[in-house]
Every structure is written in structure tokens, then in C-alpha cells.
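The following questions and answers concern one protein chain. Please keep its sequence and its structure in view while reading.

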Amino acid sequence: HRVRPGASRPGGAHAMRPVPLLFLLLGAAIVLLPFFWMLSLSLKPADEIFTAGVDLLPSRLAWENYATAFTEVPLARFLMNGAIVCGGILCFQILFAVPCAYALAQRRFPGRTLLFGLVLAGLLVPFHVTAIPIFLGLAELRLLNTYTALIVPFVASVFGIFLFRQFFAAMPAELFEAARVDGLSETAIVWRIAFPLAWPAATAFAVFSVTAHWNDLFWPLIATSDPALATPPRGIVYFRDAEAGDDVGPLMAASVVVTLPLILGFLLAQRRVTQGIATGGLKA
């Protein structure tokens, strides 16, 4: 048959589709393999963990590893500490970031460009640079070994300010002008109009914030020494024993329990996260 000009030939672009799909599946397999191996080890009996061969599937499901994970250490307490710390940090970050971002995006005042430049510069400074001064300040205030020490250093998030500022900048200024004409104060405009419209950005930021602080081991290891205040990553460290070695089965079971809330949270908020990131980058 004769092929018309402009018509796609067989074996053209459509034939290339399996190639990107193959690379996508390969990349997904590489990323998911450690998680699958962690799940496999958490369900293996102790005599199957250290073997010469590599068996991805256990011969029997050793659910006792999960029971041991909750009895060997107070894992439920560690999970509660993680929820308290991550929830407290997120609430304060939203409280600070949203008004700051609204002012940078929708208000005109001297030095606004300079302040936004400082926010961008703050994105380049890792927390480890300021950890020692913050630690010394908290020590002088006698706030170490408290929930305050785990929450206060992170209440101001430059990433949150940047993300919300980008989202608010994409909103029409006429919307906020109409609210002012109706008699709303700037505070009311921020929390009753701007923030509800920025819910996708808030969801995306919540996922990033909770993931970062739920997985943080560096600061809890410095700011606290009380096991009752241990967050999930620090709590997993208590499975290590200098004499007996690592109790791998319960250790992997605890790792699965700690990781599972993050995976479920991201799957539930996936669409909002994508929407928030995409919309936040529309306007500079």
C-alpha cells in the first residue's frame, strides 16, 4: 500500500514505545528492590537470613519478627514520637510559611526582591551548617532532651516559603483586590482565600516535610539522649547490640513498620503532590 505524505509509517514512533517502558520498568525495579529485600528479610526465620544463597522468598512467614519488633524496643512509642515531632514541625512551618509567601507574592514593599533572594540563598545552606550553633543555644536555654528541641529548629522553612510563594504568584491579583474591597483584612485573605486555593501546594509541602523529618536521624541523635524521646530512625538504632550483633529479622520488621506510613501517605496524596509541584513552578 502507498503511504500518504505526513502519515506515520509502521514501526515508527509507536515501535519506540516499548523502549522507554523497558527503561521505566528497569528503573522501578532498581528502586524497589531494596524495599522488597527489606520486606523479605522481615518475614524470614533467623536461620534463613544468613545463608550462602540468595532467596528472595522465605520458606515460611516468620510473623514473630514483627511481634519481637514491638516487644524488644518500645516501637509504638517511637512511632508516636515521630508523629508528634513531624506534626508539630508541619503546623509551625505552615503557620510561618504561608503569610511570608503571600507577602512576597502579592504585596509590594521596599526590599521585597532582596528578601526573596535571601530565601533562595537559604535553600543553598544545609541544616548541618547551623546545627552546632542551634545546639549550643538550646543547651543554654536548657531545652535539650525535649520535644521543643526536636521541633523549634525547623519551624521556619525556606523551602515552604519558596513553594507557597510560587503558588501564590500564579494567582490573579484581582482576586485579592476584590476581597479587600469586601472589607477582608490581609490575615483573613491569607487564611480564608489564599491558603484554601493553595491546598495542592500544601499537600506537596506536607509530604516533603513529613518525609524529611520522619527519616531524620542526624538532629534527634544530637538533641536528645532520652530513649523515651527517640524518633523512629533513632529507635531503630536500639536494635543494635555490641555483643550480640544486629537482630536482623526484628530490625527489618521495624524498618517496614517505620517506612509503611510514608509509602501510604505518598500514594494517597500523589495526585495533589504532582499538581502542587507543577503549579508552583508556573511563575517566577
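A pocket is an open set of grid points with protein on both sides within 12 Å along at least five of seven lines. The model discussed here is predicted.

Q: What is the volume of the largest pocket?
A: A volume is the space filled by probe spheres set on the grid points. For the largest pocket, this volume comes to about 580 Å³.

Q: Which helix gives the largest share of the lining of the largest pocket?
A: The lining has 21 residues, and those nearest the centre of the pocket are Gln 93, Phe 127, Phe 154, Ser 157 and His 213. Helix H7 (127-140), H9 and H12 each give two or more residues to this lining. The largest share, five residues, is that of H12.

Q: Which helix gives the most to the lining of the second largest pocket?
A: The second largest pocket has a volume of about 380 Å³. Its lining includes Val 31, Phe 35, Thr 211, Leu 262 and Gln 270. Two or more lining residues come from each of helix H2 (18-42), H12 and helix H15 (248-280). With six residues, the helix that gives the most is H15.

Q: How many charged residues are in the lining of the second largest pocket?
A: In this lining, eight residues are nonpolar and three are polar.

Q: Which elements give two or more residues to the lining of the largest cavity?
A: The count comes to one cavity of 30 Å³ or more, and the volume of the largest cavity is about 60 Å³. Its lining consists of Val 85, Ile 89, Leu 150, Phe 154, His 213, Asp 216, Trp 219, Pro 220 and Thr 231. The elements that give two or more of these residues are helix H5 (75-106) and helix H13 (218-223).

Q: Which residues does Ile 94 touch, not counting residues up to four places away in sequence?
A: A contact requires heavy atoms within 4.5 Å. Once residues up to four places away in sequence are left out, Ile 94 touches Pro 99, Phe 164, Trp 191, Phe 195 and Phe 205.

Q: Why do the buried residues of H4 line one face of the helix?
A: In helix H4 (residues 64-72), the buried residues are Asn 65, Tyr 66 and Ala 69. Seen down the axis of H4, they fall within an arc of 100 degrees, so they line one face of the helix.

Q: Is Arg 142 buried or exposed?
A: Arg 142 is placed in the loop between H7 and helix H8 (147-151). Its phi is near 55 degrees, a positive value in a residue other than glycine. A residue is exposed when its relative accessible area is over 50%. At 76% relative accessibility, Arg 142 counts as exposed.

Q: What does Asn 145 count as at 33% relative accessibility?
A: Asn 145 lies in the loop between H7 and H8. It has a positive phi of about 65 degrees, although it is not a glycine. The class between buried, under 20%, and exposed, over 50%, is partly exposed. At 33% relative accessibility, Asn 145 counts as partly exposed.

Q: What distance separates the C-alpha atoms of Leu 124 and Val 158?
A: Leu 124 lies in the loop between H6 and H7, and at 71% relative accessibility it counts as exposed. Leu 124 and Val 158 are 34 residues apart along the chain, and their C-alpha atoms are separated by 9.9 Å.

Terms used: Residues numbered from 1 in each chain as written. Predicted model: local features only at pLDDT ≥ 70, side-chain atom pairs only at ≥ 80, totals over all residues. Heavy atoms only, no water. 1 Å grid on protein atoms, 1.4 Å probe; cavity = no way out; pocket = protein on both sides within 12 Å on 5 of 7 lines; lining within 4 Å. Helix = DSSP H or I, 4+ residues; strand = E, 2+ residues; numbered from the N terminus. Buried < 20%, exposed > 50% of the residue type's maximum accessible area, 1.4 Å probe, protein only. Arc of directions from axis to C-beta. Nonpolar A, V, L, I, M, F, W, Y, C, P; charged D, E, K, R; others polar.
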